[in-house]
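Please examine the structure shown below.

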Amino acid sequence: MSLIIDCHGHYTTAPKALENWRNQQIAGIKDPASMPKVADLKISDDELRESIELNQLRLMKERGSDLTIFSPRASFMAHHIGDFNVSSTWAAICNELCYRVAQLFPDHFVPAAMLPQSPGVDPASCIPELEKCVKEYGNVGINLNPDPSGGHWNSPPLTDKAWYPIFEKMVEYDIPAMIHVSTSCNACFHTTGAHYINADTTAVMQLIQGDLFADFPELRFIIPHGGGAVPYHWGRYRGLAQEMKKPLLKDHLLKNVFFDTCVYHQPGIDLLTKVIPVDNILFASEMIGAVRGIDPETGHYYDDTKRYIESSTIVVGDDRHKIYEANARRVFPRLDAQLKAKGH
C-alpha cells in the first residue's frame, strides 16, 4: 500500500490574525509608526489545530491522502509589496507557522519554505531564511518565485547566474524547489487562472532556452499546476528545442524537472500522464487552494485529484505507486529520510 504524498499544499486556512497582522504590516510601509512587531502576532496551538483539523486534515482523511508537503499560502507571499525587510519578516512568520503545524501533526504535514524575495534584490539575500528552515525546521523543499514583481517579469530568467547562490544551496542541502509565483498585481493577469499558469509555462521555456542543468546536474524543480501549458503543447517545446540545437527534452529537462497533478479534470490528467513520463509526475492537489468548488459534471470536488489517478486507464499498477509515493521520496530526499526514520 502506497503512502499518498501530496507534494503541493499551502496554509490557506491560517487563523485570521495572520491576515490582520499582514494588513497592518502593509499599512506600516507608508506609516512606519503603525508597523506591527512580530511579537504582536499571537496564534495559539489550539487555533492552529482547529484551522487544520476542520480543513486540510479533514479533507485529507475524506479523500485518502496521508501526508502533505506544506508551505505558506502562495498568493500571500506577495513579494512585490514593500522591501526586503518587509518580505524577510513576513516569510519568517509564515514559515514558522508551517513548522508549528508540522510539529502538531507530524504524521500528516512536513514543511516547505517560502523565501523572502524582493524585486531587484540579490536572490542570495534569501539564503539565511533558507538555511534556517532546513536546519531548524526540517524543511524538505522551497518555493521559488521566478517573478517577484508580481506579473511584470523584470527579474532575469531562472538560467541567469543571479539565481546561482540559491541553486548552490539547493544542491548542498539536496532540496528541490517548486517554481511558484504569487499574487498578480498586473490587472491583465488573473492570479490563479492566468499568472500561475503563465509562470509555469514561462519557467519551462526559460529552462529549455538555457543550459542550467549542465552547471547543476543535481538541481530539481517541480513545475506545479500540471506544468501549465507545457504538457498540452509538448510537441511545440520539443520542436523549439530542436530548432535551438538543444538536446532532446528527455535529456535536456526531464532528469531535473518534474510536474505535479494539480489538474482539475480527468481529460487533463489523462493528457499529462500520457505525454510526461510517469517518473516525472508527483501527486498533488493544492488543496485547499485555487479551485474549491464541486464539479457539476461529476459531483465531486475539482481538486480531489486522487479520483483522477484512480480512474485513469493510463496510470496502472506500479505507476500509481510512483506517482503517489516513490517519485516524491526521490525528488525530496530529506522527506525520504524523515519517513525512513519513522519506519516508513
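In this predicted model, leucine 144 has isoleucine 179 of strand 6 as its bridge partner. Strand 5 (residues 142–144) and strand 6 (residues 177–179) are joined by three bridges and pair in the parallel sense. Both strands belong to an open sheet of six strands, which has the order 4-5-6-7-8-9 and parallel pairing. Strand 4 (113–114) and strand 9 (281–282) each have a single partner strand, so one side of each has no neighbour in the sheet.

A contact between two helices may be considered next. The axes of helix 2 (residues 45–53) and helix 5 (residues 84–104) come within 10 Å and cross at roughly 80°. Helix 2 is therefore roughly perpendicular to helix 5. Helix 2 contributes Asp45, Leu48, Arg49 and Ile52 to the contact, while helix 5 contributes Leu97, Arg100, Val101 and Leu104. Of these residues, five are nonpolar, three are charged and none is polar.

| Pocket | Volume | Lining by class |
|---|---|---|
| Largest pocket | about 380 Å³ | 13 nonpolar, six polar, one charged |
| Second largest pocket | about 260 Å³ | ten nonpolar, four polar, three charged |

The largest pocket is lined by 20 residues, and Ile197, His225, Cys262, Val263 and Tyr264 lie nearest its centre. Helix 8 (191–209) and helix 12 (266–275) are the elements that give two or more residues to this lining.

The second largest pocket is lined by 17 residues, of which Leu67, Pro106, Asp107, Phe109 and Lys342 are the closest to its centre. Helix 5, strand 3 (109–111) and helix 15 (333–341) each supply at least two residues of that lining.

Definitions and conventions
Residues are numbered from 1 along each chain as its sequence is written. This is a predicted model: local features need pLDDT of at least 70, side-chain atom pairs count only at pLDDT 80 or more; totals for chains, interfaces and linings use all residues. Side-chain values use heavy atoms; hydrogens and water are left out. Axes are lines fitted to C-alpha atoms, for helices over the stretch in contact, and angles run from 0 to 180 degrees between N-to-C directions. Helices (H or I, at least four residues) and strands (E, at least two) are DSSP runs, numbered from the N terminus. Angles under 35 degrees count as roughly parallel, over 145 as roughly antiparallel, 65 to 115 as roughly perpendicular and the rest as oblique. Contact means heavy atoms within 4.5 Å. Ala, Val, Leu, Ile, Met, Phe, Trp, Tyr, Cys and Pro count as nonpolar, Asp, Glu, Lys and Arg as charged, and the others, Gly among them, as polar. Two strands pair if DSSP finds at least two bridges between them. On a 1 Å grid over the protein atoms alone, a cavity is a set of points where a 1.4 Å probe fits but cannot get out, and a pocket is an open set with protein on both sides within 12 Å along at least five of seven lines; lining residues have an atom within 4 Å of a point. Grid points are joined across faces, edges and corners, and a volume is the space filled by probe spheres set on the points.
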